[in-house]
Amino acid sequence: MMDYYYYYFFLTLLSLSTVTFFLFRTTTGRKNRLPPGNVGLPLIGETLQLISAYKTENPEPFIDSRVARYGSLFTTHVFGERTVFCTDPETNRFILQNEGRLFESSYPGSIFNLVGKHSLLFMRGPLHRRMHSLTMSFANSTIIKDHLLVDIDRLVRLNLHSWTGRILLLEEAKKITFELTLKQLLSIDPCEWTENLRKMYMRVIEGFFSIPIPIFSVTYRRALQARRRVAEALSLVVKERRKEREMGMKKNDMLAALFDSDGGGGGGVGFSDDEIVDFLVSLLVAGYDTTSTTMTLAVKFLTDTPVALAHLKEEHDEIRTKKVASVTLEWEDYKSMPFTQCVINETLRVSNIIGGVFRRAMTDVDIKGYTIPRGSKVFTSLRAVHLDQDNFKDARVFNPWRWQKTSDSTNFMPFGGGPRRCPGYELARVALSVFLHHLVTRFSWEPAEEDKLVFFPTTRTQKRYPIILQHRSNVAETM
Ligand code: HEM
């Protein structure tokens with residue numbers, strides 16, 4: 001089925017890329033001094049090579065071979081466009097930090113229609129800065145400590161309480177992260193409404209990886225319909241909450257912060273319902289797959305590295321033993337999980353849920369003796385930096401202990417950098433830590449079948465990581 005979509009996808013690309021391909025052929029090299037590279041086959045460039053590499057467990061040769069041949073900055077032609085790949089940490093930092101000055105974020109058209117034009121991902125300039133910091137202020141340590149941790153802990157425990165026998169870990173983790181995000185955004189606890197919303201929302205996500213032309217792609221058509229239904233459902237909540245607010249009822253969540261905000265146009269007008277809905281959808285999108293996949297991959301890496309799992313269990317059993325009277329995890333407990341933080345860092349480093357981010361040059365930019373012409377697409381590969389032996393010893397081995405020696409690594413950017421650095425980074429860490437705590441203190445498990453990592457269209461395990469759980473008998477029940 002996917003191959004069928006690719007067929008249409010490439011047909012569309014053929015026409016779109018003809019112009020850019022020949023333009024590139026005539027302007028590359030001496031005059032503009034673009035980074036060297038190969039634009040591959042006419043029209044489709046090197047897209048097929050990239051896809052086939054990233055559909056395997058070891059996509060590294062795609063970048064490795066080009067870096068060996070052309071250096072850390074190279075030009076290729078993927079997904080219909082000439083693209084400069086950047087694989088060294090300094091250049092990546094330079095690009096990300098110059099967001100809005102020399103480069104701007106660039107997402108595919110499919111995502112624009114599905115997330116909505118008023119989402120944080122598409123905001124620019126002062127409005128982006130303001131809304132980015134508003135989002136941060138709703139996911140910073142103080143808010144998590146005083147307000148969100150209690151819900152994260154409760155919802156994780158609630159979910160794990162019903163786990164038994166064989167489960168698909170990725171599916172369960174997605175359910176948890178969706179519920180956490182809805183609670184944080186709208187103060188809504190899990191119920192039939194949230195589960196229905198999640199099902200519709202999953203259809204929206206499927207559309208991200210389809211051809212963004214409704215006439216060609218059933219998946220994309222369905223995703224657009226689902227997007228409308230998600231928007232309708234969220235609009236009703238927003239309207240209801242506006243009424244409650246007029247009656248003096250106030251909640252402490254992201255929606256309340258959006259109501260209080262000045263809105264895009266300034267002058268105290270406030271955001272419209274449509275703007276708020278787009279904003280909420282973008283937060284649901286950004287935190288859902290990323291956190292749940294990281295949860296799943298942490299468990300996979302730990303299962304494959306029993307010494308690390310034993311070390312982690314020891315850390316959490318100790319916390320649990322000290323908490324005789326209370327089941328609830330507190331901020332001090334979270335702060336006494338040093339090895340857990342090493343596991344999370346290492347999972348993020350090795351798996352690279354967001355392998356890199358796309359930017360577009362806003363002007364001609366000189367970097368490392370080359371010129372990236374205005375309008376060019378640039379891909380800052382976070383993955384290439386994280387898996388480079390020059391930056392991390394034995395870079396391709398999962399070794400959480402490395403983080404006991406180095407707490408700060410300027411080469412480590414799983415949450416991006418610059419003005420678009422992930423505003424949910426602390427929240428994700430806390431959710432991951434709480435999840436690992438309850439998982440390892442409550443259960444032991446084994447893989448139900450062989451499963452492997454793949455990286456296209458997203459990073460995940462092929463079979464959603466089926467595991468068989470057993471309750472641990474020696475540790476106090478935490479529900
Ligand atoms: C392990 C989990 C996560 C990872 C690896 C991750 C990674 C990233 C990365 C690399 C970016 C930068 C994108 C760019 O520069 O274009 C980003 C942006 C973003 N993330 Fe996360 N993220 C995670 C969890 C979350 C969570 C839980 C939230 C919820 C609040 C969130 C909200 C966002 C938003 C709203 C943006 C867009 C920021 C902007 O464009 O200004 N993320 N994330």
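This is a predicted model: local features need pLDDT of at least 70, side-chain atom pairs count only at pLDDT 80 or more; totals for chains, interfaces and linings use all residues.
The crossing of α7 and α8 is right-handed. On the α7 side, the contact involves L148, D151, I152, L155, V156 and N159. These residues meet E172, K175, I176, E179, L180, K183 and Q184 of α8. By class, the contact of α7 with α8 has six nonpolar, two polar and five charged residues.

The loop between α8 and α9 holds S187. Phi of S187 is near 60 degrees. That is a positive value in a residue other than glycine. S187 has 16 other C-beta atoms within 10 Å and is therefore partly exposed.

Helix α9 covers residues 192-208, and helix α10 covers residues 218-246. The axes of α9 and α10 come within 7 Å and cross at roughly 140 degrees. The pair α9 and α10 is therefore oblique. The crossing of α9 and α10 is left-handed. From α9, the contact draws on L197, M200, Y201, R203, V204, E206 and G207. From α10, the contact draws on T219, Y220, R222, A223, L224, A226, R227, R229, V230 and A233. By class, this contact of α9 with α10 has 10 nonpolar, two polar and five charged residues.

Two further residues of α10 were examined. L234 is found in helix α10. L234 counts as buried because 24 C-beta neighbours lie inside 10 Å. Leaving aside neighbours within four places in sequence, L234 is in contact with V277 and L280. L234 and D274 are 40 residues apart in sequence. Their C-alpha atoms are 9.5 Å apart in space. V237 is also found in helix α10. V237 has 21 C-beta neighbours inside 10 Å and therefore counts as buried. V237 and L255 are 18 residues apart along the chain. A distance of 9.8 Å separates the C-alpha atoms of V237 and L255.

The crossing of α13 and α15 is left-handed. In α13, the residues A308, H311, L312 and E315 take part in the contact. They meet F339, T340 and V343 in α15. By class, the contact of α13 with α15 has four nonpolar, two polar and one charged residues.

The ligand site was considered next. There are 26 residues around the ligand. Of these, A286, G287, G416, C422 and G424 come nearest. Helices α6 (125-137), α12 (273-304) and α18 (425-442) each supply at least two residues of the shell around the ligand. Helix α12 gives the most, with seven residues. By class, the shell around the ligand has 15 nonpolar, 10 polar and one charged residues.

Backbone features were also noted in two loops between strands. K368 is found in the loop between β6 (365-367) and β7 (370-372). Phi of K368 is near 50 degrees, a positive value in a residue other than glycine. K368 has 14 C-beta neighbours inside 10 Å and therefore counts as partly exposed. P457 lies in the loop between β10 (453-454) and β11 (460-461). A cis peptide bond joins F456 and P457. Omega of this bond is about 0 degrees.

Overall, the protein has 18 helices and 12 strands. Of its 479 residues, 42% count as buried. Among contacts with a separation of 6 or more, 73% are accounted for by residues 24 or more positions apart.

Definitions and conventions:
Residues are numbered from 1 along each chain as its sequence is written. A crossing is left-handed if the near helix is turned anticlockwise from the far one by less than a right angle, and right-handed if clockwise. Helices (H or I, at least four residues) and strands (E, at least two) are DSSP runs, numbered from the N terminus. Two residues are in contact if their C-beta atoms, placed from the backbone, lie within 7 Å. Ala, Val, Leu, Ile, Met, Phe, Trp, Tyr, Cys and Pro count as nonpolar, Asp, Glu, Lys and Arg as charged, and the others, Gly among them, as polar. A residue is near a molecule or strand if its C-beta atom, placed from the backbone, lies within 6 Å of it. A residue is buried if 20 or more other C-beta atoms lie within 10 Å of its own, exposed if 12 or fewer, and partly exposed in between; C-beta atoms are placed from the backbone. Axes are lines fitted to C-alpha atoms, for helices over the stretch in contact, and angles run from 0 to 180 degrees between N-to-C directions. Angles under 35 degrees count as roughly parallel, over 145 as roughly antiparallel, 65 to 115 as roughly perpendicular and the rest as oblique.
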